[in-house]
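Please look over the sequence and the structure shown here, and keep both at hand while reading the report that follows.

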Amino acid sequence: MGNLTTSSFLVALSGIVIVFIMLVVLCLIIPIISKVVLAVQKPQINNRVAPTTRPKTEPAAKPNVTGVAGEVALIDVDEKTAACIMAIVSHETGIPLSELIFKSIKAI
Amino acid sequence: MSDFSFIGTLEKILMESGFAAFANDPRSLIMILVACVLFYMGIGKKFEPLLLVPIAFGILLANFPLTGLLNEPTIVDGATKSPGFLWVIYQGVQHAIYPSIIFLGIGAMTDFGPLIARPSSLLLGAAAQIGIFTAFLLALALGFPPAVAAAIGVIGGADGPTAILTASKLAEAYLPAIAIAAYSYMALIPLIQPPLMRLLTTQKEREVKMTQLRVVTKAEKIVFPIAVAIFVILLLPDTAPLIGMLMLGNLFRECGVVDRLSDTAQNALINIVTIFLGLSVGCKAVAENFLTFETIKIIVLGLLAFMLSTAGGLIFGKIMYKLSGGKINPLIGSAGVSAVPMAARVAQVEGQKANPVNFLLMHAMGPNVAGVIGSAVAAGFMIKVFGG
């Protein structure tokens, strides 16, 4: 049967096993990397988000409120951009716009 | 000047011309016909024209007699005689330069986001390498030496640069046949895969609508190529040229601070190297190497390898369909062969035929790019075992 030997079957088997092992390990590593990266990023995001939550105690946003569309306060954001953001949030979350409540949209 | 004869000079020119030399070896004429067939496939049928057109022209040039285009550098009376133009160009394949640079460009063009969002796609990319190893066994059964059989098997990875790199290291004489088979089958994916997809999956499986992938952050995309390069290259150093360049290209794309390099890698550089790669592959297709029964066997084995890889991906896709409780559409398994993004597009088209609201493209891109990594790992393994 040509050059087929027992060792050639072993080579083929080892090859596919190596490919699987390599990609399975990558498959396990990727979520770990993602978790580490997201964990490192979280405090940074929180730090960035923190000032936007402050307006409750200090009404710093007042001077920049450019308009109110329904119930939504638009802070340094025009209506067109706000509409896009609301549409994207609705699409990404799968919640219809009619069921979503936006309190404010603020440029950061 | 008195003994000058116009007819005599004309006769001398004709006798020393390439036309007269065809009489010594008419096989070159057949190779020119082969080049014309490839021109028709590339230009007329638009099958991978970016590669087939330069390959065909390389074949044409290499088979013109007396050109000296493939002459190696020789030392005559202490002086080095210049090598032929195509011999110089070929050194980029000989030393794995072009396939690696092509991978740099592929990395710069590829979004690994779908793979990061669903890492289980990697398993489909692994399963779709089964064709490489089964074709290797079939090639051995047909009498090819082990190293050549390994290079033929890599056609099943549906990855042109990887097939060329492996062939240049393990089966140089068969490089043109392997490269032409690899690129031809990559071009024929929309014809080869759909019948297999319909044969191996049920209508219910093809209709599965997959849930949206999560958003992958920029930082994850930046860390990914670095981590993969460290892990894969340390484990299989022979994959360094391909995986290293693939991941460098991807880092260019994702890091956001070297846009000019990313742009060069995915446009100008890859285009320039594609010209050289095509010419290099074509110029090795000289009659004595190419017009053999082995070439036909390679073409047939390449097709089998490709079909087996597709089947491997689909069967594993079905396993994942069962394990996930019907959440994974097995069609995306066929994209595990690494022809990016053609295989993913075929999965999208077939999925949409079964269910018009099905959008599998992004889901299929995961296995598709996993296939690129998988075929590079498989090639690295073959080079390690048979490369001496």
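## The largest pocket

In this predicted model, helix H17 of chain B gives the most to the lining of the largest pocket, with 6 residues. That pocket holds about 840 Å³ of space, and of the 35 residues that line the largest pocket, the closest to its centre are B:Glu48, B:Ile106, B:Met109, B:Val340 and B:Pro341.

H17 is one of several helices of chain B that each supply at least two residues of this lining; the others are H4 (49–62), H6, H11 (160–170), H12 (175–187), H20 (342–354) and H21 (361–386).

## Where H6 and H17 meet

Two of the helices that line the largest pocket, H6 and H17 of chain B, also meet one another. The axes of H6 (residues 97–109) and H17 (residues 259–283) come within 8 Å and cross at roughly 145 degrees, and this crossing of H6(B) and H17(B) is left-handed. On the side of H6(B), the contact is made by B:Tyr98, B:Pro99, B:Ile101, B:Ile102, B:Leu104, B:Gly105, B:Ile106, B:Ala108 and B:Met109. On the side of H17(B), the residues taking part include B:Ser262, B:Ala265, B:Leu269, B:Val273, B:Phe276 and B:Ser280.

## Helix H5 and its neighbours

Helix H5 of chain B covers residues 85–94, and its buried residues are B:Leu86, B:Ile89, B:Tyr90, B:Gln91, B:Gly92 and B:Val93. After H5(B) comes B:Ala96, whose phi is positive, near 60 degrees.

If its neighbours within four places in sequence are left aside, B:Thr295 is in contact with B:Ala177, B:Asn289 and B:Phe290.

## The second largest pocket

The second largest pocket has a volume of about 360 Å³, and of the 19 residues that line it, the closest to its centre are B:Thr211, B:Gln212, B:Leu213, B:Met362 and B:His363. Helix H7 (113–117) and helix H21 of chain B each supply at least two residues of this lining, and H7(B) gives the most, with 3 residues. The lining residues of the second largest pocket divide into 9 nonpolar, 5 polar and 5 charged.

## Chain A

Chain A has 2 helices and 3 strands, and from the N terminus on, these elements run in the order α-β-β-α-β. Of the 108 residues in chain A, buried residues make up 23%. Among the contacts in chain A with a separation of 6 or more, 47% are accounted for by residues 24 or more positions apart.

Notes
Residues numbered from 1 in each chain as written. Chains lettered and ligands numbered in written order. Predicted model: local features only at pLDDT ≥ 70, side-chain atom pairs only at ≥ 80, totals over all residues. Heavy atoms only, no water. Axes fitted to C-alpha atoms, helices over the stretch in contact; angles between N-to-C directions. Helix = DSSP H or I, 4+ residues; strand = E, 2+ residues; numbered from the N terminus. Left-handed = near helix turned anticlockwise from the far one by under 90°. Contact = heavy atoms within 4.5 Å. 1 Å grid on protein atoms, 1.4 Å probe; cavity = no way out; pocket = protein on both sides within 12 Å on 5 of 7 lines; lining within 4 Å. Points joined across faces, edges and corners; volume = space filled by probe spheres on them. Nonpolar A, V, L, I, M, F, W, Y, C, P; charged D, E, K, R; others polar. Buried < 20%, exposed > 50% of the residue type's maximum accessible area, 1.4 Å probe, protein only.
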